[in-house]
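Open the model in your viewer and get ready to select residues.

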Amino acid sequence: MSDAAEIPPGRPGLPAGGTRLADLADELEVISRVYERRFGVERTDDWLVLKLQEELGELVQAYLARSGRSRDRDGDPEAAFRTEVADVLAQLLLVARRFGVDLDAELERKWFRWRHLVEPQDLVEPGAAGVRA
């Protein structure tokens with residue numbers, strides 16, 4: 001069975017009838033319950049949002065270390081930065097799941113409604129060979 005048949009136009013990488021974001025959020029919820037059980041942390045609504053803020057702070061700290069504007073606490077600023085990006089995404093997905101935010105719908109409404117304005121030059125990554133940033 002070809003996966004290509006399941007990918008709607010304009011939404012590369014997302015299977016028809018579902019979202020990988022929702023699937024990730026479901027799996028993260030299970031892992032988050034393990035965290036709650038192991039560390040005795042009650043995952044209330046406000047804890048989830050405050051934990052997102054904590055993770056954002058750690059991302060900023062890792063970014064500053066990566067860019068040489070803060071001391072490096074972990075020995076590998078690139079790895080710390082990548083880890084904190086993943087932490088922020090995971091926590092954000094947990095917040096969206098808890099509060100019933102349909103990320104597909106909200107991304108469509110807020111971001112993807114501009115698809116019709118995409119021009120060929122918009123598809124080239126900044127800094128690619130021959131492209132001025």
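Is arginine 98 buried, partly exposed or exposed? Select arginine 98: it is partly exposed, at 30% relative accessibility. (Buried means under 20% relative accessible area, exposed over 50%, partly exposed in between, with a 1.4 Å probe and protein chains only.)

A note before moving on. This is a predicted model: local features need pLDDT of at least 70, side-chain atom pairs count only at pLDDT 80 or more, and totals for chains, interfaces and linings use all residues. Residues are numbered from 1 along each chain as its sequence is written, and side-chain values use heavy atoms, without hydrogens and water.

(A salt bridge is a side-chain nitrogen of Lys or Arg within 4 Å of a carboxyl oxygen of Asp or Glu.) Arginine 98 lies in helix H3 (residues 77–98) and aspartate 45 in helix H2 (residues 45–66), so the pair ties together parts 53 residues apart in sequence. (Helices are DSSP runs of H or I, at least four residues, numbered from the N terminus.) Aspartate 45 is partly exposed, at 38%.

Next, select arginine 33 and glutamate 29. Their side chains meet in a salt bridge (3.3 Å, N to O). They sit 4 residues apart in helix H1 (residues 20–39), about one helical turn. Glutamate 29 is buried, at 7%; arginine 33 is partly exposed, at 41%.

Last, go to helix H4 (residues 103–110), where glutamate 106 and arginine 109 lie 3 residues apart. They form a salt bridge at 2.9 Å. Arginine 109 is exposed, at 51%.

Key
Helix = DSSP H or I, 4+ residues; strand = E, 2+ residues; numbered from the N terminus.
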